[in-house]
Amino acid sequence: MKVHIRHWRMVITIGLLLSITLSGFAYAALGDRLLGRGSKGSEVTELQKKLVQLGYAVGTVDGKYGSKTEAAIRRFQKEHGLRVDGLAGTQTIKELKRLTGQSTNASGKAVGYKNIDTNLLARAVNAEARGEPYIGQVAVAAVILNRIADPAFPKTVADIVYQPRAFSSVDDGQINLPPSASAMRAAQEAVTGSDPSGGALFFFNPAKTSNKYIWSRPQIKQIGNHMFTK
Amino acid sequence: MRRKLWIGAITLALLISLGWGWNEYRLAGEYRLAGENNNRRALNDFASHLDQLETDLAKGNVASNPAQKILYLSQVSSKSEAALKDFAQIPAQQTGLSYVGQFLTQSGEFARILAQRVAGGGTITSEEETTLRDMHERLMPVNQQVQDLILRMDTEKLVWTDPDPSWRQRLGLGTQVAEAAADGSEAPSKSVSSGLDQLDASLQKLPPFSYTGEYATRVVAKPLGLPAGEVTKDQALEKARDFLSKIGYGDATPEFSGESQTELACYIFNYKESYLEVSRQGGAIVLYRDQRAIEPKTLRVEDASNKAKAILQALDWQQVAITSSEEFGSYVQFDAVYEKNGVRIYPDKVRLMIALDNGQLVGFDATPYYAFHHERTFPAKLTMEQAVRKLRPNFQVLESRLAVIPKSGNKEVYSYEFRGRYQGEEYLIYLNATNGAEEKIQRIIKTPRGEYLK
């Protein structure tokens with residue numbers, strides 16, 4: 001009998017201890033501790049969501065710090081001038097939090113992310129110009145913006161991207177892939193005014209296109225595999 | 001016994017696959033119908049908006065009282081925008097420059113310009129009245145033909161896009177129908193898409209409207225700021241080497257990789273991971289981008305700003321001053337604009353990117369500067385005090401200066417720039433320096449990357 005009671009006490013104590021520590025983990029905020037390979041929990045989920053938001057693919061957002069999350073962290077660190085160690089420490093998390101924050105007005109009130117158009121633009125860039133040099137990606141984003149400024153095209157990013165037969169990546173669904181970090185950067189740069197395409201309205205891959213109309217357009221320049229035309 | 005089992009299994013498999021096939025067929029039918037409904041909605045909306053546009057244009061023409069004129073002209077502008085949006089959703093064989101789109105954009109814009117003018121107490125010239133009538137004249141047949149297309153959809157079973165040629169036609173046995181529409185001939189269209197192509201071709205034959213607005217011209221016909229004289233490929237190569245050595249790539253060997261054929265024609269060079277364009281006229285470095293891997297950062301944004309200033313000095317760009325920055329993680333992007341006698345000339349812009357690992361220049365874009373830079377003469381202006389009085393009450397001015405700002409349609413305005421606060425928001429307000437009219441308002445938003453103007 002005595003043994004039994006002790007047994008029960010032990011079970012209860014262990015249970016209590018476990019539940020306290022586990023709830024501590026579950027409610028821990030991102031940035032409270034160093035996260036690395038093998039970490040689990042809601043903080044990791046939050047970390048993964050932020051990575052995806054900035055264009056660093058982690059596979060599925062599952063709250064497990066696996067090889068894909070580590071690779072994403074490494075890429076993020078590399079592209080943001082941080083020490084590349086694959087661990088989500090204070091510096092890395094601080095930078096992630098800063099970049100995924102909302103925009104504010106002058107008195108500090110949050111006004112949303114203010115990037116709806118840039119985001120769709122980034123998707124289009126990702127779908128159309130993945131694997132192209134970065135400057136070619138900026139040029140593709142610039143083509144879409146040039147179309148808005150041209151009278152012969154629709155007047156919003158969505159209308160241009162989803163115009164029937166305008167982009168093959170819309171027809172085959174690649175437009176729905178999450179944009180990469182470099183596509184996001186390219187879209188952002190084009191929105192703030194860069195246009196390496198030289199005012200182009202069309203682009204195509206000369207090796208893969210036989211469309212007569214597109215070949216008849218006056219050519220401006222080739223960047224990577226894309227020919228940009230008026 | 002065994003045979004019965006086999007027959008049973010095969011029958012079961014057949015039934016399952018039949019069920020599966022029927023289900024797939026049904027689903028495909030549902031999707032097709034959803035797609036068809038969307039297309040029909042777009043076409044009907046398009047026709048309806050065109051019809052309203054036509055009516056409003058007619059009313060806008062006849063209205064003489066300013067309030068009525070503004071009402072109908074604003075409606076013309078919003079209806080043409082709506083029609084353009086519908087038009088962009090109608091299935092097409094391929095997407096190219098659309099004259100229907102152009103017509104809608106320009107008539108909408110023209111009506112908006114006129115409405116704004118009348119609202120501000122201005123008048124419409126007889127020439128503009130003629131243009132407006134002309135737009136109406138052109139719209140009428142467009143409207144008729146679109147309505148005709150809808151009618152023919154019901155009577156002739158028009159399809160959305162021309163079918164691909166059948167194997168008989170491919171072998172040259174049948175007649176080719178798809179080609180007829182593309183050259184604008186009046187052969188009856190077999191599909192909605194070719195019917196709209198015919199419309200496009202008939203509009204293309206008409207002369208362009210004459211008016212100045214945002215969509216009248218888009219690019220500068222000729223760059224204004226390039227130095228005189230053509231350079232050869234070898235001279236351009238020398239310029240490229242000189243530029244590279246000034247930014248830390250001594251003894252660089254850039255390789256020629258092509259030419260660009262724009263208003264601002266360039267020789268293109270590659271060196272390691274960088275891309276460089278040297279203008280044919282004047283041999284100026286127009287665009288540079290280094291895509292090297294950037295190491296962990298050692299500099300802060302302020303340090304980078306100092307580096308940017310030093311690089312501007314080294315490259316002989318003393319005439320521009322840095323006005324804004326945006327952080328991209330491993331590098332910072334700076335915009336610098338031309339300043340003359342304390343007047344900021346925003347169209348003449350140069351963009352620099354500084355790597356945060358060693359402060360090297362990794363991006364440079366002087367396209368806007370070379371496109372727009374020219375000697376400007378400034379007209380007589382209001383004094384600062386007079387301008388401040390034109391601002392709305394309670395607008396708390398934080399900064400002020402003179403500036404030239406770009407306006408749509410490649411125009412520029414000489415203006416006073418006021419940065420200030422109003423009810424918890426920060427704005428940039430531009431007042432025309434000559435008459436104090438409000439030219440432009442920009443709201444300042446702080447994003448994680450830096451300040452953003454919207």
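Author: Gladly! This is a predicted model.

Reader: What makes residues 41-96 of chain A a span with a name?

Author: The name comes from the UniProt record: an unreviewed entry annotates these residues as "domain: Peptidoglycan binding-like". Such annotations may be inferred rather than shown by experiment.

Reader: How many helices and strands does chain A have, and in what order do they run?

Author: Chain A has ten helices and three strands. Starting at the N terminus, the order is α-α-α-α-α-α-α-α-α-β-α-β-β. Of its 230 residues, 42% count as buried.

Reader: Which residues of helix 4 of chain A are called buried?

Author: They are A:Thr92, A:Ile93 and A:Leu96. The label requires 20 or more other C-beta atoms within 10 Å of a residue's own, so each of these three meets that cut-off.

Reader: Why can we say that the buried residues line one face of helix 4 of chain A?

Author: Looking down the axis of helix 4 of chain A, its buried residues fall within an arc of 95 degrees, so they line one face. The face of helix 4 turned away from the buried side carries the exposed residues A:Thr90, A:Lys94 and A:Arg98. Covering the buried residues are, among others, helix 2 (42-53) and helix 3 (67-79) of chain A.

Reader: What are the domains of chain A, and what shows where they touch?

Author: Chain A is divided into domain 1 (28-99) and domain 2 (116-229). Contact calls for C-beta atoms within 7 Å, and six residues of domain 1 of chain A are in contact with six residues of domain 2 of chain A. On the domain 1 side, the residues are four nonpolar, one polar and one charged. The C-alpha centres of the two domains lie 30 Å apart.

Reader: How many residues of chain A are in contact with chain B?

Author: There are 44, in contact with 52 residues of chain B. The largest share of the chain A side, four residues, comes from strand 2 of chain A. By class, this side has 18 nonpolar, 15 polar and eleven charged residues.

Reader: Over in chain B, why is B:Ile124 called partly exposed?

Author: B:Ile124 has 17 other C-beta atoms within 10 Å. Buried would take 20 or more and exposed 12 or fewer, so B:Ile124 with its 17 falls in between. B:Ile124 is found in the loop between helix 3 (99-119) and helix 4 (126-155) of chain B.

Reader: What is said about the phi of B:Lys272 and of B:Asn341?

Author: B:Lys272 has a positive phi of about 50 degrees, although it is not a glycine. B:Asn341 also has a positive phi of about 50 degrees and is not a glycine. In general, most residues other than glycine have a negative phi.

Reader: Are B:Lys272 and B:Asn341 buried, partly exposed or exposed?

Author: B:Lys272 has 13 other C-beta atoms within 10 Å, so B:Lys272 is partly exposed. B:Asn341 has 6, and 12 or fewer is the cut-off, so B:Asn341 is exposed. B:Lys272 lies in the loop between strand 2 (266-271) and strand 3 (274-279) of chain B, while B:Asn341 is in the loop between strand 6 (331-340) and strand 7 (343-355) of chain B.

Methods: Residues numbered from 1 in each chain as written. Chains lettered and ligands numbered in written order. Predicted model: local features only at pLDDT ≥ 70, side-chain atom pairs only at ≥ 80, totals over all residues. Helix = DSSP H or I, 4+ residues; strand = E, 2+ residues; numbered from the N terminus. Contact = placed C-beta atoms within 7 Å. Nonpolar A, V, L, I, M, F, W, Y, C, P; charged D, E, K, R; others polar. Domains from an automatic or database assignment. Arc of directions from axis to C-beta.
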